[in-house]
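Visitor: Could you walk me through this model? I would like each label tied to its cut-off.

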Amino acid sequence: MDFISPSHGRMSLQEITYNIQTFIEEDPKAKYKIVIGTDSQTVKNKTTFVSALIVHREGKGARFFYRKLRVKRIPDLRSRIYKETELSLNLIDHLKEKGIVSLLQDWPIEVHIDVGQHGETRMLIQEVVGWVTAVGYEAIIKPHSFGASSVADKFTG
């Protein structure tokens, strides 16, 4: 599945790898982290999921790429949050299979989850954070989960 870059349009994983390498070469001594986040929106008879891959040069900008998945309507919030988390973890696995994670192996990977202490999702925090940390990644929730609640959210419409 191709990704979309807001500045470069549709991109293959090979093109993304080159783009990330170029980004790193611009400032190889900077501190980086990888952020993966997924958000969803349900309208009428479909639910759209957007997963974002963000390479964050801390304090100095970022590059990001996203991909969309449209499925039959999922009206249940718990099911959507679980699917969002699953898609984020699957994206990491896919990046590992394609060798991209090895390019990024020296940096922490954060999984940004669209749940927070306020609202309906607060009941799901322990479950999805436990899932993400159990497979070895750092789980970030609202208000700090910009990968899901800001970047991915922007492209769900």
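**Labels and their cut-offs**

Guide: Lys44 has a relative accessibility of 76%, so Lys44 counts as exposed. Exposed means over 50% relative accessible area, buried under 20%, and partly exposed in between (1.4 Å probe, protein chains only). Lys44 is in the loop between strand 3 and strand 4. Its phi is positive, about 45°, although Lys44 is not a glycine. Helices (H or I, at least four residues) and strands (E, at least two) are DSSP runs, numbered from the N terminus.

Visitor: What are the ground rules here?

Guide: This is a predicted model, where local features need pLDDT of at least 70, side-chain atom pairs count only at pLDDT 80 or more, and totals for chains, interfaces and linings use all residues. Residues are numbered from 1 along each chain as its sequence is written, and side-chain values use heavy atoms, with hydrogens and water left out.

Visitor: What is the mean pLDDT of the protein chain?

Guide: The mean is 93, and 97% of the residues reach 70 or more. pLDDT is the predictor's confidence in each residue, from 0 to 100. Among the elements, helix 3 (residues 100-103) has the lowest mean, 70, and helix 4 the highest, 98. Where pLDDT is low, the predicted coordinates should not be read in detail.

Visitor: Why is the pair of Phe64 and Phe155 called tilted?

Guide: Its planes are 45° apart, so the pair is neither stacked nor edge-to-face; the centres are 5.9 Å apart. This pair links distant parts of the chain, 91 residues apart: Phe64 is in strand 5 (residues 62-72), Phe155 in the segment after helix 5 (146-154). Phe64 is partly exposed at 24% relative accessible area, whereas Phe155 is buried at 16%.

Visitor: How do you know that a charge sits over the ring of Phe23?

Guide: The rule asks for NZ of Lys or CZ of Arg within 6 Å of the ring centre and within 35 degrees of the ring normal. The charged end of Arg57 sits over the Phe23 ring, 3.9 Å from its centre.

Visitor: How do you know that the buried residues of helix 4 line one face?

Guide: Those residues, in a helix spanning 125-134, are Ile125, Val128 and Val132. Down the helix axis they fall within an arc of 90°, so they line one face. The arc is that of the directions from the axis to the C-beta atoms. The face turned away carries the exposed residues Gln126 and Ala134. The buried residues pack against helix 2 (77-97), strand 6 (109-112) and strand 7 (138-140), where contact means heavy atoms within 4.5 Å.

Conventions. Rings of Phe, Tyr and Trp (its six-membered ring) pair if their centres lie within 6.5 Å; planes under 30 degrees apart count as stacked, over 60 as edge-to-face and the rest as tilted.
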